[in-house]
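This report goes through one protein model, part by part. Keep the sequence and the 3D view open while reading.

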Amino acid sequence: MTAPERPTDWFVTGGSGAPDAPRVYCFAHAGGDPRSFLAWGTELGDEAQLVAVCPPGRGHRAAEPRPTLEEFAEGAAAAIHARESETGGARPVYLFGHSLGGLVAFETARRLRDLPGLRHLFVSGISAPALAPSRRVLELAALDGREFAEQLRFFDGFPPEIMEHEDVLDLLLPGVIADFRMAAGYRYRPAAPLDVSVSVIGGRDDAYLHVDKMRKWTDECRTPPALHWVDGGHFYFRDKSPKAVTDLLLDAVRADRHIEVI
């Protein structure tokens, strides 16, 4: 794995967690700001450090060419590997991704099999990778403008106040559309199941998910994944406390710490 020229370009941190705390690398949904996850630091305290993963074409890297999903995962994995290798690679590392971010996190985990510290993969709001891209994602990726925005309602897309302001909508749409087209270009390739523990999280009211689609995550894991259904829709953590996720993260961090002490 070749390290990127500037691995730190891939990361934004918020200051939560002790300097030597386990790291949770977060991957955002289509059009999402990776930095939004840093607000969860108050829930994790000093027990873990949140790190937002920022790909080319987004945030402070907006001027860079947008990658394919596979290029995103390859670059993220190389940057994580380079950063963690600075301290020997043994620091506990966790990956969390929501929706499109869950698919990227999965592909990143595949590329980090040799990282000693990788402990757990958390995927949220996303069906099993072998089912991607879905017909609905392909149909959405072929749309533009307001037609795209209207159809995005299925995924609990833009709130009404955004839909009512064309100037704001015009500002936000290109990034979301580009990410959907990234998802539409994904091609699943069978590989050995992941040895790392996996947790799958889904909102009970998420119209995009179905229990059978979630169960197929079992095919990607050496050990059956833990499936968690939580209250809410596709963005179950948006209108409520993020504790549905952060409690699971803390449980994993504490369990691993207990094992290490023993």
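The model is predicted. Seven strands make up an open sheet, in the order β1-β3-β2-β4-β5-β6-β7, and their pairing is mixed. The edges are taken by β1 (11–13) and β7 (226–230); each has a single partner strand, so one side of each has no neighbour in the sheet. On average, neighbouring strands of this sheet are turned by 25 degrees against each other, with direction ignored.

In general, the strands of a sheet pair through backbone hydrogen bonds, in either a parallel or an antiparallel way. Both ways can be found here. Strands β1 and β3 are antiparallel and share three bridges; V12 has A52 in β3 as its bridge partner. Strands β2 and β3 are parallel and share four bridges, and R23 has Q49 in β3 as its bridge partner. On to the next pair: β2 (residues 23–27) and β4 (residues 93–98) run parallel and are joined by five bridges. Opposite C26 stands F96 in β4.

## Strand β3

How many of the five residues of β3 are buried? Five of the five are, so this strand is largely enclosed by the rest of the structure. Both of its faces are covered. Q49, V51 and V53 are buried on one side, and L50 and A52 are buried on the other.

Helix α2 (residues 69–85) has 17 residues, which at 1.5 Å a residue should span 24 Å. The C-alpha atoms at its ends are 24 Å apart, in agreement with that value. Helix α2 lies across β1, β2, β3 (49–53) and β4, and runs at about 165 degrees to β2. Helix α3 also packs on the sheet, where it touches β2, β4 and β5; its direction makes about 145 degrees with that of β4.

Both helices can also be described by their buried residues. Twelve of the 17 residues of α2 are buried, and the helix is mostly covered. Among the buried ones are the run G75, A76, A77, A78, A79 and I80, as well as L69, F72 and R83. In α3 (residues 100–110), eleven of the eleven residues are buried, so this helix is largely enclosed by the rest of the structure. The buried residues of α3 include L100, V104 and F106, and also the residues E107 and R110.

## The cysteines

A disulfide is a covalent bond between the sulfur atoms of two cysteines. How many disulfides does a search of the whole structure find? The search finds zero. C54 is in no disulfide, and the nearest cysteine sulfur, that of C26, is 13 Å away. C221 is in no disulfide either; its nearest cysteine sulfur is also that of C26, at 19 Å.

C54 has a relative accessible area of 3%, which is under the 20% cut-off, so C54 counts as buried. The relative accessible area of C221 is 7%, and C221 is therefore buried by the same cut-off.

H120 lies in strand β5 (residues 118–124). Its relative accessibility is 13%, so H120 counts as buried. The side chain of H120 makes a polar contact of 2.7 Å with the side chain of S199. Apart from neighbours within four places in sequence, H120 is in contact with V93, Y94, L95, V196, S197, V198, S199 and A252.

E220 sits in the loop between α8 (211–215) and β7. Is E220 buried or exposed? Its relative accessible area is 3%, so E220 is buried. Its side chain makes a polar contact with the side chain of Y188, at 2.7 Å. With neighbours within four places in sequence set aside, the residues in contact with E220 include F106 and R110, along with P129, A130 and Y188.

E150 belongs to helix α5 (residues 145–151). With a relative accessible area of 32%, E150 is partly exposed. The side chains of E150 and R153 are joined by a polar contact of 2.9 Å. E150 and D247 are 97 residues apart in sequence, and their C-alpha atoms are 34 Å apart in space.

Notes:
Residues numbered from 1 in each chain as written. Predicted model: local features only at pLDDT ≥ 70, side-chain atom pairs only at ≥ 80, totals over all residues. Heavy atoms only, no water. Helix = DSSP H or I, 4+ residues; strand = E, 2+ residues; numbered from the N terminus. Expected span 1.5 Å × (residues − 1). Buried < 20%, exposed > 50% of the residue type's maximum accessible area, 1.4 Å probe, protein only. Polar contact = N/O pair within 3.5 Å; in protein donor to acceptor, adjacent residues only side chain to side chain. Contact = heavy atoms within 4.5 Å. Pairing = 2+ DSSP bridges. Axes fitted to C-alpha atoms, helices over the stretch in contact; angles between N-to-C directions. Disulfide = S-S within 2.5 Å.
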